[in-house]
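Reader: I am new to this structure and would like a close look at one part of it. Please take me through that part slowly.

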Amino acid sequence: MASKHRSKPKGFKVRKAGHLVVRVTDPAATAAFFQEVIGFGRKGVLQRGMHFLTSDFDDNHHMLLVRPAKPGATAQDARSAVGMAGVSYQFTDAAAFDRAIDRLCARGLSPLVDEAEGKRSLRFRDPDGMPFEFWCQAQKGHEMSNPLLRTTRVTFRAADLARSVAFYEDVFGFDQLGRDGEGRTLMGADGTVMLALEQATDSAAPRPRVEPEPFIGMEHFAFELAPDTFEALRAFYRHIKALNVEIHHCVDHIITNSIYFLDPDRNLIEGYINCPRERFRDMEHPYGSLEALDAALEGKCEPSWMAAFAAEK
């Protein structure tokens, strides 16, 4: 059921669900868990204890980043709190999916495994209690080429479902794509589901906490924008400013240029474009830059990296 009453934003579109960043109690142990059990590879580690995990080393970005929670941080109950209710990754190889189930069982975790809607899925909670889903096609012969894993969607529990649906229709131009077997509203672009929304049943449920507050759980979820031009990111910036969306910060990450903003429930969301790979091809670890992009997005100047990159070429 595509939304027809809203005009689509111009100058950009959402290409895919990108990555999840979580604050955890023990980043090294959590990163090792996802590497050993699921099969993620490590893309790098920053001195601040950030572990970048992926299965697609040809992509600019990671799929999962785990970083340390601040002292005194506590976790909310992901089964009832407003905010992230789950994140989903697809296995492109059924044998790897089965191996992940065996490894989880070997650790005594007893994942929930089922088959419905043409897919096999396993659900479990990470060492800090955050919910994850991994799935593969139920029918044999659907195995795809690398990468082993793909980020498919994030699920948010909303205080006001209609408000959140309207927000993501307006901000990203998402369509409503029906409901899943659990009644969640599915949203995305070009027929691809990237977001699921469900109604919170407890009106007093806690809301997401946002930096600089201490917390354990989702820090933000990212969506990749297209095309990979700064003008597309500028169009997105102007679009959400016109909607009076609360912008948290805008930053050059070297591998990407990113805008972080808050949805109606204060989930921190990132919209990003990929930067040219030539910019960071020879860097051992290109994730360190945090240069602000606000002036460039306002059209007052071009981002400094673009001038330097052009001069080098």
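Reader: Which strand gives the most to the lining of the second largest pocket, and how many residues does it give?

Author: The model is a predicted one. In it, β1 gives the most to the lining of the second largest pocket, with three residues. This pocket has a volume of about 420 Å³. Its lining is made of 23 residues, and the closest to the pocket's centre are Arg 67, Glu 219, His 253, Tyr 260 and Leu 290. Besides β1, the strands β4 (64-68), β13, β14 (246-252) and β16 each supply at least two residues of this lining. By class, the lining has ten nonpolar, seven polar and six charged residues.

One of these strands, β13, spans residues 217-226 and holds Glu 224. Glu 224 counts as buried because its relative accessible area is 2%, and the cut-off for buried is under 20%. The side chain of Glu 224 is joined to that of Arg 15 by a polar contact of 2.7 Å. Leaving aside residues up to four places away in sequence, Glu 224 touches Lys 13, Val 14, Arg 15, Lys 16, Gly 18, Asp 59, Tyr 272 and Asn 274. Strand β1 covers residues 13-24, and β16 covers 268-274.

The loops on either side of β13 each have a proline to point out. Pro 212 is placed in the loop between β12 (192-199) and β13, and the peptide bond from Glu 211 to Pro 212 is cis, with omega near 10°. Pro 227 lies in the loop between β13 and α4 (230-242). Ala 226 and Pro 227 are likewise joined by a cis peptide bond, with omega about 0°. Most peptide bonds are trans, and most residues other than glycine have a negative phi.

Arg 266 lies between β15 (256-262) and β16, and its phi is near 70°, a positive value in a residue other than glycine. Arg 266 is partly exposed, since its relative accessible area is 36%.

For comparison, the largest pocket has a volume of about 710 Å³. It is lined by 35 residues, with Ser 88, Trp 135, Thr 152, Arg 153 and Val 193 the closest to its centre. There β9 gives the most, with five residues, while β1 is among the elements that give two or more. The lining of the largest pocket divides into ten nonpolar, eleven polar and 14 charged residues.

Note on methods. Residues are numbered from 1 along each chain as its sequence is written. This is a predicted model: local features need pLDDT of at least 70, side-chain atom pairs count only at pLDDT 80 or more; totals for chains, interfaces and linings use all residues. Side-chain values use heavy atoms; hydrogens and water are left out. Helices (H or I, at least four residues) and strands (E, at least two) are DSSP runs, numbered from the N terminus. Buried means under 20% relative accessible area, exposed over 50%, partly exposed in between (1.4 Å probe, protein chains only). A polar contact is a pair of N or O atoms within 3.5 Å; within protein, one must be able to donate a hydrogen and the other to accept it, and residues adjacent in sequence count only if both atoms are side-chain atoms. Contact means heavy atoms within 4.5 Å. On a 1 Å grid over the protein atoms alone, a cavity is a set of points where a 1.4 Å probe fits but cannot get out, and a pocket is an open set with protein on both sides within 12 Å along at least five of seven lines; lining residues have an atom within 4 Å of a point. Grid points are joined across faces, edges and corners, and a volume is the space filled by probe spheres set on the points. Ala, Val, Leu, Ile, Met, Phe, Trp, Tyr, Cys and Pro count as nonpolar, Asp, Glu, Lys and Arg as charged, and the others, Gly among them, as polar.
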